[in-house]
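Visitor: Could you walk me through reading this one? I'd like the general idea for each feature and then the case at hand.

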Amino acid sequence: MLSQLKEFGLGATAACGACFFTNPLEVVKTRMQLQGELKARGTYAVHYKNAFHAFYTIGRFDGLRSLQSGLAPALVYQAVMNGCRLGSYQVFTNLKLTANSEGRIEFWRCLLAGAVSGAIGAFLGSPAYMVKTQLQAQATDTIAVGFQHKHSGFVQALSGIYREFGVKGLWRGVSGAVARVMIGSAVQLSTFSTTRERIAKTNFFPEKSWLIPASASMISSVAVVTCMTPFDVVSTRLYNQGTNASGKGLFYNGFVDCFVKIFKREGVMGFYKGVGPHYFRIGPHTILSLLFWDQLRMLSASHGF
């Protein structure tokens, strides 16, 4: 039991360490994904032309502190979601569920284990991710995109949503989050595990070198962003949309409805809005979190924790 709790703790610590550095990119990504919501290209004002312009614009109009908007719920989300996700995945690995009878890592087993681990983490961390998205979308009227929820902070947002819509309201949009993290987690952990093993076998780097997990995580980050971005856009839209008095979304009825509406009104490229900052965020976050996770596990094992 203690060893399993340790795996969850290591996963949470690694993810939070990475989150602190990558949260500004998450703010930029969220704004760009909400820009021109359900509108055809060329029919809306473009406040954020690209990731670098978005950084400048947000800093100029909202202040530099706004680039860390939603940091508190982001850290809570990372601790809960990635603590459960990485911890569960490591438990599956320890139980040898990701390897065949000969002890070799198999891609499809890693893919399945990553998807299940991701679904668990996404469901439990959903309230924090919803508030994070809504706080990061808040902006001055001049550069505002998407629905503006006007929260004053993490705790106030959670309590306000609970008072108005109950427990169900805290998990609004969870369908998009589960799909998003299942895809991302399955791709990330499967590519990381299999790539790390293959890189280690080449003997290009010294045994137990941090460059092995670092290289594997770089490769993993490219695969993650390519597969995950459409689901990330859908998740952001579901979480940030306004609601009526009964708590029903104003724009989307659920994951499938959101997916179809984006495709019809914004086209395929609508699913890749914010892909630049998404990679700049997911890339370093994937590299840092997987590297921290791998090194923390090695450190823990070497000291007998």
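**A guided reading**

Guide: Contact here means heavy atoms within 4.5 Å. Keep in mind that this is a predicted model, with local features needing pLDDT of at least 70, side-chain atom pairs counting only at pLDDT 80 or more, and totals for chains, interfaces and linings using all residues. Residues are numbered from 1 along each chain as its sequence is written, and side-chain values use heavy atoms, with hydrogens and water left out.

Visitor: Where is the place of G173, and is G173 buried or exposed?

Guide: Helices (H or I, at least four residues) and strands (E, at least two) are DSSP runs numbered from the N terminus. G173 sits in the loop between helix 5 and helix 6. For burial, under 20% relative accessible area is buried, over 50% is exposed and in between is partly exposed, using a 1.4 Å probe and protein chains only. G173 has 13% relative accessibility and counts as buried.

Visitor: What does Y239 touch?

Guide: Again not counting residues up to four places away in sequence, Y239 touches S126, Y129, M130, T133, Q134, H149, R172, G173, V174 and A177.

Visitor: Now the cores. Which residues of the largest nonpolar core touch the most other members?

Guide: The general idea is that nonpolar side chains tend to be buried together in soluble globular proteins. A nonpolar core is a set of buried Ala, Val, Leu, Ile, Met, Phe, Trp, Tyr and Cys residues joined through side-chain atoms within 4.5 Å. The largest one has 18 residues, and Y77, V131, I161, V178, V181 and Y239 touch the most other members. Two or more residues each come from helix 3, helix 4, helix 5 (154-170) and helix 6 (174-202). Helix 4 gives the most, with seven residues. Another core, of 13 residues, lies apart from this one, and V28, I58, A139 and V145 are among its members.

Visitor: How many salt bridges does the count come to?

Guide: The rule asks for a side-chain nitrogen of Lys or Arg within 4 Å of a carboxyl oxygen of Asp or Glu. That gives 10 salt bridges. Take D232 and K29, whose closest N and O atoms are 2.7 Å apart. D232 lies in helix 7 (residues 211-240) and K29 in helix 1 (residues 2-34), so this pair ties together parts 203 residues apart in sequence. D232 is buried at 0% relative accessible area, and K29 is buried at 0% too.

Visitor: What about D62 and R31?

Guide: D62 forms a salt bridge with R31, with the closest N and O atoms 3.1 Å apart. This pair also links distant parts of the chain, with D62 in helix 2 (residues 51-62) and R31 in helix 1, 31 residues apart. D62 is partly exposed at 21%, whereas R31 is buried at 0%. Another bridge joins R109 to E106, at 2.9 Å between the closest N and O atoms; R109 is partly exposed at 25%, and so is E106 at 22%. Shared partners also join E26, K29, K132, R180 and D232 into one salt-bridge network.

Visitor: Last one: how many disulfides does a search of the whole structure find?

Guide: A disulfide is a pair of cysteine sulfur atoms within 2.5 Å, and the search finds zero. The sulfur of C227 is 16 Å from the closest cysteine sulfur, in C110, which is too far for a bond. C258 is in no disulfide either, with the nearest cysteine sulfur, that of C227, 19 Å away. C227 is partly exposed at 34%, while C258 is buried at 0%.
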